[in-house]
Every structure is written in C-alpha cells, then in structure tokens.
Amino acid sequence: MTIRPILIHPDPRLKTVAAPVGEITEEIRTLAEDMLQTMYDAPGIGLAAPQIGRSIRLLVMDCVKEEGATPRPLVLVDPEITWSSEEAATYEEGCLSIPDQYADVTRPAEVEVTWTDLEGKPQTERFTGLWATCVQHEIDHLDGKLFIDYLKPLKRQMITRKMAKLKRERARA
Ligand code: K1U
Ligand code: ZN
C-alpha cells in the first residue's frame, strides 16, 4: 500500500467533474487501498480520488473517530445521492486539500446513497450525522466542488490566497 500525495487548493484538478469508474479492475482495488491508507495517515475521515489527482468517481471514508472503536472503512464507486432530507444540519468542515481551514457548512442532515462496492455489488445506505456530512463533502469533490464554495466570496478568496501562499512556500522548501 502506498501513501499518495494530496493535491492542495487551488488546483484545476480539484475543480473538474470526475468520470465514472465503470468496471472494477485490480488497478481500482489497489487505488482504493492506497486512498484508505492515505486518508488514515493524513489523518482524515474521507478522501476522494480527485484529491490524489485521479479524475474518477471513487471515494473512501471512515467516520468512526472514537479511540478504540472498530474502524468502518467504506469504498464507494460511482456513488449517487438518491434522496436528501428536508432537515438540514450544520457542521464545521475541513478538507485535506485545504489544510488548517475550517468553516460551518449547512447540508441535508440525512442522505440515501447508492454505489458499487469493490466486488461489483450495488449498495444502498442512508447516512446520518457526520457520515451524511462526509459523504456529501466527498461527492462534491467528484463534482469539482469544495466546501469553501458554500462560503461568502470574501471568505473564500481569503482562504484561497492563504492556500496559494502555502503552496509557494512548500515549493520553495
Ligand atoms: O475530503 C477531505 O478532504 C477529507 C475531510 C472530510 C471531511 C471533514 C469534515 C467534514 C466533512 C468532511 C477530512 O477528513 S478533514 C480532517 C478531519 O475532519 C478529521 C481529522 C482527524 C480526525 C477527525 C477528523
Ligand atoms: Zn475535502
């Protein structure tokens, strides 16, 4: 398993709508394993393929955060939101592609998602709480959307400038 570098905003690859995966090959299984490893290493609770430079509709997540609790790694291939609740919930979101920046985002509190698993079997689950927030955040990545796109333009510009500076500093180091 390999830890892959995570792209940092601003990057055009994070603004691109990703293509469907379709057939699940060994390459996709290896990529999913690498993404889980990369997510746990970061650490994070989710990761979408575009964040490691692959423009395909693949995401991983595990929102079990309690120390000592059994992990629940999920791999979602070609996920689709098939139902969203009227009720909304606000969470302070972060993003591994926008390090150390957090902001409140309001989204549907519950969503039903269908996807294909790594065995090629169709799956459906209703997500609530942090899982619902995380799966929506990750599916947004597949659609080239970042959590800062929900913020007021001034705040978004401020974060984007900070990230551009961070990238310049990292490139010089
Ligand atoms: O997609 C990503 O960039 C991952 C992101 C997912 C996410 C976080 C918060 C709300 C919605 C979606 C992260 O994992 S940021 C890191 C983070 O939230 C975290 C890190 C360590 C422990 C617990 C959470
Ligand atoms: Zn993110």
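Reader: Where is the place of Pro10?
Author: This is a predicted model. Helix 1 covers residues 26-41. Pro10 comes ahead of that helix, so by the DSSP numbering of elements its place is in the segment before helix 1.

Reader: What is the peptide bond from His9 to Pro10, cis or trans?
Author: Most peptide bonds are trans. From His9 to Pro10, omega is near 0°. That peptide bond is cis.

Reader: Where is Pro43 found, and what is omega for the peptide bond from Ala42 to Pro43?
Author: Pro43 is found in the loop between helix 1 and strand 1, which spans 46-48. The bond from Ala42 to Pro43 is cis. Its omega is near -5°.

Reader: What is the phi of Asp78, and where is its place?
Author: Most residues other than glycine have a negative phi. Asp78 is not a glycine, yet its phi is positive, about 50°. The place of Asp78 is in strand 3, residues 74-84.

Reader: What is the phi of Asp100?
Author: Asp100 sits in strand 5, residues 98-108. Asp100 is not a glycine either, and its phi is positive. The value is about 65°.

Reader: Which protein donors does the zinc ion have?
Author: The zinc ion is ligand 2. Its protein donors lie 2.1 to 2.3 Å from it. They are Cys95 through SG, His137 through NE2 and His141 through NE2.

Reader: How many residues apart in sequence are the parts that Cys95 and His141 tie together?
Author: The donor residues are spaced C-x41-H-x3-H. Cys95 lies in strand 4 and His141 in helix 2, so the pair ties together parts that are apart in sequence by 46 residues.

Reader: How many residues surround ligand 1, and which are the closest?
Author: The shell divides into 5 nonpolar, 7 polar and 3 charged residues. In all, 15 residues surround ligand 1. The closest are Ile45, Gly46, Gln51, Leu96 and Glu138.

Reader: Which element gives the largest share of the shell around ligand 1?
Author: Strand 4 (88-95) and helix 2 (129-142) each supply at least two residues of this shell. The largest share is 5 residues. It comes from helix 2.

Reader: Which side chain has a polar atom 2.9 Å from an oxygen atom of ligand 1?
Author: Begin with the backbone. A polar backbone atom of Ile45 is 2.7 Å from an oxygen atom of ligand 1. For a polar backbone atom of Leu96, the distance to an oxygen atom of ligand 1 is 2.7 Å. The side chain at 2.9 Å belongs to Gln51.

Reader: How much of the accessible area of ligand 1 does the protein cover?
Author: The space that ligand 1 takes is the largest pocket. On its own, ligand 1 has 530 Å² of accessible area. The protein covers 82%.

Note on methods:
Residues are numbered from 1 along each chain as its sequence is written. Chains are lettered from A and ligands numbered from 1 in the order in which they are written. This is a predicted model: local features need pLDDT of at least 70, side-chain atom pairs count only at pLDDT 80 or more; totals for chains, interfaces and linings use all residues. Side-chain values use heavy atoms; hydrogens and water are left out. A residue is near a molecule or strand if one of its heavy atoms lies within 4 Å of it. A polar contact is a pair of N or O atoms within 3.5 Å; within protein, one must be able to donate a hydrogen and the other to accept it, and residues adjacent in sequence count only if both atoms are side-chain atoms. Accessible areas come from the Shrake-Rupley method with a 1.4 Å probe; for residues, only the protein chains shown count as cover. On a 1 Å grid over the protein atoms alone, a cavity is a set of points where a 1.4 Å probe fits but cannot get out, and a pocket is an open set with protein on both sides within 12 Å along at least five of seven lines; lining residues have an atom within 4 Å of a point. A molecule sits in a cavity or pocket if more than half of its atoms lie within 2 Å of its grid points. Helices (H or I, at least four residues) and strands (E, at least two) are DSSP runs, numbered from the N terminus. Ala, Val, Leu, Ile, Met, Phe, Trp, Tyr, Cys and Pro count as nonpolar, Asp, Glu, Lys and Arg as charged, and the others, Gly among them, as polar. Donors are N, O and S atoms within 2.8 Å of the metal (3.2 Å for Na, K and Ca); water is not among the atoms, so sites may look incomplete.
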